[in-house]
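Please view the sequence and the model together while reading.

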Amino acid sequence: MTFDRKIEDAGLTRGVSRLTPQRIEDTLRQVLEGETGAKLKLYAETCMRCGMCSEACHYYMSHDGDPSYSPAGKVHQTMGEILRKDCKVTPEFVYQMAQIAYTECNLCRRCVHYCPLGIDTGYIMSTVRRMCHKLGVTPQYIQDTAHSHAATMNQMWLKDDEWMDTLQWQEDEARDEMPNLRIPLDKEGAEIYYSVIAPEPKFRTQLIYQAAFIMNEAGVDFTMPTSPGWDNSDMCMFSGDFEMMGRLKKIHFESALDLKVKKIVMGECGHAFRSIYDQGNRWDGWDMYPIEVVHSVEFFWELFEAGKIKLREKFHEPITIHDPCNIIRGRGLMEQSRKLAHALCDNVVEMHPNLEHNYCCAAGGGVINCGPPFKNVRMKGNRIKAEQLKATGVKTILAPCHNCHGGLEDLVHYYELGMDIKFFGDLIYDLMEKPEVE
Amino acid sequence: MPNASTWDWNPGRREVQDVSSWSSKFEWVEEFQASSDGEKVGAVVKTGDMEFTACVNGKVWDERYERVFYLKFSPDSRLTGIIQQDGEWCLSVDGQHWPETYGYIWDTTFGSNGSIVCAVQQDGEYGMGVDGVLWENLFANANNFATSGDGKKTAAVVQIAPLAQADIETFQKGIYTVAVNGEAWDNVFMNCYTPVFDAKSEKVACQIRRTLYDYTIAVDGKIWQREFQCVWDPCFNPVSGAVAAPVRLGGKWGMAQDGEVIWPAEFAQCWHQQYSADGSKLWAIVAPKLGTFTVAKDGNPWNISAPVVIDLSVSPDGNRASALGKTGYVYTIMCDGKVWDDSYAMAWKAVFSPDSTKVAAKVEKNGRFTVVLDGKPYGQDFDQCWEPIFSPCSTKVLIRAIDGGKFVRIVADVSDF
Amino acid sequence: MNSIYAFVVGPLAWIAWGVFIFGSLYKVVSMYQLAKAKDGSSLHYMSFKYGMRSILHWLNPVGTLGWQSNPYTALVTFVFHLCLVIVPLFLMGHVVLWDQFFGITWPTLPDTIADIMSIVFVACCVYFGLRRFLQRDVRFLTTGKDWIALAIPALTFLFGVLAYHQIGNDKVMLVLHILCGEIMLISIPFSRLSHMLFGFFTRAYMGSEFGGVRHSKDW
Ligand code: HEM
Ligand code: HEM
Ligand code: SF4
Ligand code: SF4
Ligand code: SF4
């Protein structure tokens, strides 16, 4: 088996340089014996190597059927090899398995729809990442993000005051448009705790502005916290640092529970939903989230249904809608997202395949967070998505997930699709009735 | 702690302030805050275009600000608020603001000696300040702020070296430690969390992340001999000074004290431990298995459970405890291994009477608030109410509430429930 | 030859069935123990309703994205497994043996149908073999274990057919057939063929997570 697509990454190189055969063997064995059990064993034993899952994966499809990109193919080159070699693998192999696990799989679980035996390739790749984390072989940028989480409890190195300051700044900005607007901080007993991911206060402050505007216009009793815990994002879940994942979710949920709110509403983010709904909560011992978290897609739809958002006009241009894996395959919000899209737009053009069967954007699962060295992996690895987008013939894409946004934006550029990407929040804000400003 | 013995404990109801009239006086009134003794009610109010101040018992502070937030009463009933003026930030205490302004100031807490402590950012550097006096040394970043019980000492996790963008090497060498009164410990670590002072305000313990994978506890900068897969917030035994912290071993949680495992690691979760005041018992919230939480005393869990358990409170004598159970949207109050009959839309952490014989909690039902004592609700519910406070003699309960637009303080006899 | 035959239908058959039954029990029980010890957070979500929902969908050869995307392989897989289960259970030659040893009988397939099904089965094996050889992604995944897993049932059926048609030395073929059949029984708990024991559980688990937790379909 030759691996001819090695990409230089400072984090991987540094990590591998510190490995010894003994450390590799001990660490892999410790993860296998200490942290995995029947699930991994069964997956390894019952995978019939039938290759039915190959076509599920956008990487495989985009690389003209290169078998080393098929879901089972990636398992074969990573976990499969570890099991066959009984944990005796070389540092060079570890580099390769890290590159595959971190950058050539989005943990999107599309392959679940293809495997007759119900094998969860995402779980296996995530376990490989766990091994890489334990070996200290992680891509530089995602590791830096994990460090930020550890040091500040948010993803973007935001300091405590910068968070509050940003909220207050957005509140001031928005008051030019809606003088009575408030972003109530630490309001105990509010109905809703609004949580976002750190890129919002860092780069996409207009999203906080818009959310505040919508909340105020719809008369929602909401609050935002002043202390760490406000960031629901979680790259540690993807880097394999599960202890930090647990810490992040603990502080997040406890900050909401302490404020005595009824539920959390979160911004339009996919992976954060996976973290609060599927993985982080379990590590902390909660079988479900300890306090309900409503994704914006669902929340906006509830506001619509209740007549709390009124539109000035609908979006007339044809528009297509991307189904983010983590809230569709991960939560089943396809119905709400369709209802909302149709409520907002005259002409929704579906892409194919869609709903649960949608192709991933190739940014998710922490891949975009592995940074510039791996950008082309995402671009070349998702030609199929570009073709799918192009086939819709429309100029605008709705994508209710931050990572999808980043990923689709890059794809649109790379394949020169000339498309515009929007959040539901963008559309609602643009289209809703607004109070007159004198 | 406030000296509750000096408060008015005469039974009965007293209207303190007609807060409904405020809304006509101001453009808007923000959330009400009540002082512990129930004698004052305050709120941030908007007095004009981009003009804010605080209103207490109907009287506004003299000055107007661009913003007032984080309005909080001190235990001795002074009202504090963080204010913004000309883009600079300061703390105002009963309308008098501190002489200096800061780049940012937040996280107001109070010491038992009456001191007021804040986290501060000045010129991009971080630290803490007591009554407006900042640490001599400020740092590239600081968080996890803590104040000693006597209010004289402060501690925070600080970053002692600069970190370039995406520099994972330096981070892993360690750039964080704890600073007490602005003096950083000698040792640096990969991460530190939740510093906490002992009862005498002498020692500081915190969580340490030594490497990406190894966690332990440090006391005054010295780490325990043993490392764990993970740890949570340590706490001091108020009498012996020993330090206990939940620790993770083999994927399960137990409790360690001074580095020795005292509760075997067999829980799916274990956190929020608390010693009794005499230091003889250790209580915690634990999950015997995934999705099943309860309370444990000295490692022995109660027989009842709920999918989520929060807000553990331990009676002053250490023999009793209460916590909130949450199943979906429904809150229940667990006490002494039993669940109270009623369930609520929301419940607040229960309060024990000084003699440990009674428990009371604020609860919400159908959008109305009241206080329940030993499972029995007070005869009336309110638009809004605050957490109950027992009289020093344990026979009366102070209920602070907003009832029909009036802020009232009710001294109820425990037999009124 | 007769003594060898007597040995394979006698003691060896006992051993084979014993290993198959007890081995399977052991595997299933030990896997469950391991799951309880190490995968509690997965077992917790097992749901009969959603597990069954998933299994039933996947029993429909055109009911899932995976089957739809691989129509030929889907067809062959279904035919292969149907023959695999039906032929040995209802084969006259087999039922006779049960009758002989234990005095129990049940309806049987007409020999010609069983014969055709067996030949079809062998053809399916050829298809799988060619796939493993010719299709890039499948070849990439194939290891010795997979060839073994395919060869054992293939040879069992092949020798069965040869014996039935008295091609070659029929006694030898029969002995070889029975030997392979016994190897197959023995290897079910301990090889890839264990997917017979575990396939429904992995399927049901995925169905439970997708149906019960993620509110979405896994097909
Ligand atoms: C009764 C429960 C069983 C189930 C649910 C089941 C299911 C499956 C599935 C889903 C596949 C993969 C699809 C494919 O390869 O096209 C497969 C393949 C296979 N099965 Fe089974 N199976 C069962 C029993 C058996 C038994 C008893 C045997 C043999 C003793 C067997 C032998 C095989 C072989 C050899 C393949 C691989 C075909 C290839 O080479 O691609 N199966 N089975
Ligand atoms: C203990 C194990 C087994 C014994 C003793 C046994 C015995 C026999 C006998 C006596 C025959 C009849 C041959 C004839 O009519 O000339 C036969 C045929 C056959 N057996 Fe088995 N068998 C065993 C296991 C199996 C297994 C496990 C399978 C398949 C999964 C299998 C598949 C067949 C087939 C396909 C035929 C030929 C049917 C035909 O072409 O008509 N046998 N077996
Ligand atoms: S990227 Fe998605 S489809 Fe491809 S292997 Fe990973 S989880 Fe499966
Ligand atoms: S479809 Fe399932 S059984 Fe087949 S190769 Fe892929 S993972 Fe393995
Ligand atoms: S970024 Fe979006 S499409 Fe991509 S994995 Fe996440 S949710 Fe899926």
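## Helices around the ligand

Which helices of chain C each supply at least two residues of the shell around ligand 1? They are helix H6 (71-90), helix H8 (111-134), helix H10 (144-164) and helix H12 (195-213), where helices are DSSP runs of H or I with at least four residues, numbered from the N terminus. H6(C) contributes the most, with five residues.

The model is predicted: local features need pLDDT of at least 70, side-chain atom pairs count only at pLDDT 80 or more, and totals for chains, interfaces and linings use all residues. Residues are numbered from 1 along each chain as its sequence is written, chains are lettered from A and ligands numbered from 1 in the order in which they are written, and side-chain values use heavy atoms, with hydrogens and water left out.

## The shell and its contacts

Ligand 1 is surrounded by 18 residues, each with a heavy atom within 4 Å of the ligand. Because these residues come from chains A and C, the site is shared between chains. The shell comprises 13 nonpolar residues, four polar and one charged; Ala, Val, Leu, Ile, Met, Phe, Trp, Tyr, Cys and Pro count as nonpolar, Asp, Glu, Lys and Arg as charged, and the others as polar.

Among the closest residues are Thr77(C), His81(C) and His195(C). An N or O atom in the side chain of Thr77(C) is 2.4 Å from an oxygen atom of ligand 1. A nitrogen atom of the ligand lies 2.6 Å from a polar side-chain atom of His81(C), and a nitrogen atom of ligand 1 is 2.6 Å from an N or O atom in the side chain of His195(C).

## Confidence

Chain C has a mean pLDDT (the predictor's confidence in each residue, from 0 to 100) of 94. For the complex, the predictor gives an ipTM of 0.97 and a pTM of 0.96.

Notes:
A polar contact is a pair of N or O atoms within 3.5 Å; within protein, one must be able to donate a hydrogen and the other to accept it, and residues adjacent in sequence count only if both atoms are side-chain atoms.
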